[in-house]
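User: Could you walk me through the charged contacts in this model and explain the labels you use?

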Amino acid sequence: MTDRETTRLVAWSHELRRVHTRLREALLVTRTALDDGAPGESATRDLLLYCHGFCTALDGHHRGEDRKLFPAIEAAHPHLAPVLRSLQQDHSMIAHLVAGLRAAVERAATPAELDRHLEGIEAIMESHFRYEERQLLAVLESLDLDTTPEETLGPL
């Protein structure tokens with residue numbers, strides 16, 4: 001195996017960590033916008049923008065994993081099927097929580113309610129990311145996947 005091929009294979013584990021870091025940062029920016037937001041229409045617009053960006057990025061990440069990454073992992077490592085199903089269930093739960101956040105932002109919910117939505121998403125998201133990294137990073141270091149990081153892990 002050439003150095004270039006080794007770098008390409010290991011890059012998937014690095015890409016997953018990078019995406020998780022960016023999503024954590026996007027959530028932090030969203031929470032900060034809520035914490036620092038002044039009451040009024042301007043703050044609501046800013047929060048809507050941050051939430052929309054974060055929610056879209058998180059949803060795109062999970063859709064890419066479900067469509068591209070997980071089928072490739074399962075084909076190469078069938079014994080990981082239960083882990084992948086569990087991660088997909090998390091994706092579904094997180095999508096439900098994100099939909100609740102979007103609805104709350106669009107109806108200009110109170111900061112306390114928005115904070116509860118963000119706390120719930122953060123708790124599940126962090127648990128999901130840690131489990132995914134524990135279970136899949138080693139596999140990703142040897143996965144040969146012919147696709148771009150954006151298609152597989154979502155656009156950020």
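Predicted model: local features only at pLDDT ≥ 70, side-chain atom pairs only at ≥ 80, totals over all residues.

User: Why is the contact of Glu15 and Arg18 called a salt bridge?

Analyst: The term asks for a side-chain nitrogen of Lys or Arg within 4 Å of a carboxyl oxygen of Asp or Glu. Glu15 and Arg18 meet at 2.9 Å, N to O, so the pair qualifies.

User: Why is Glu15 called buried, and what makes Arg18 partly exposed?

Analyst: Buried means under 20% relative accessible area, exposed over 50%, and partly exposed in between (1.4 Å probe, protein chains only). Glu15 has 19% relative accessibility, so it counts as buried, while Arg18, at 35%, counts as partly exposed.

User: How do you know that Arg24 and Glu133 form a salt bridge?

Analyst: Their closest N and O atoms are 3.9 Å apart, so the pair meets the cut-off. This pair links distant parts of the chain, with Arg24 in helix 1 and Glu133 in helix 4, 109 residues apart. Helices here are DSSP runs (H or I, at least four residues), numbered from the N terminus.

User: Which residues are linked with Arg24 in a network of salt bridges?

Analyst: Glu126, Arg130 and Glu133 are linked with Arg24 in that network. Arg24 also meets Glu126 at 2.8 Å, N to O.

Notes. Residues numbered from 1 in each chain as written. Heavy atoms only, no water. Helix = DSSP H or I, 4+ residues; strand = E, 2+ residues; numbered from the N terminus.
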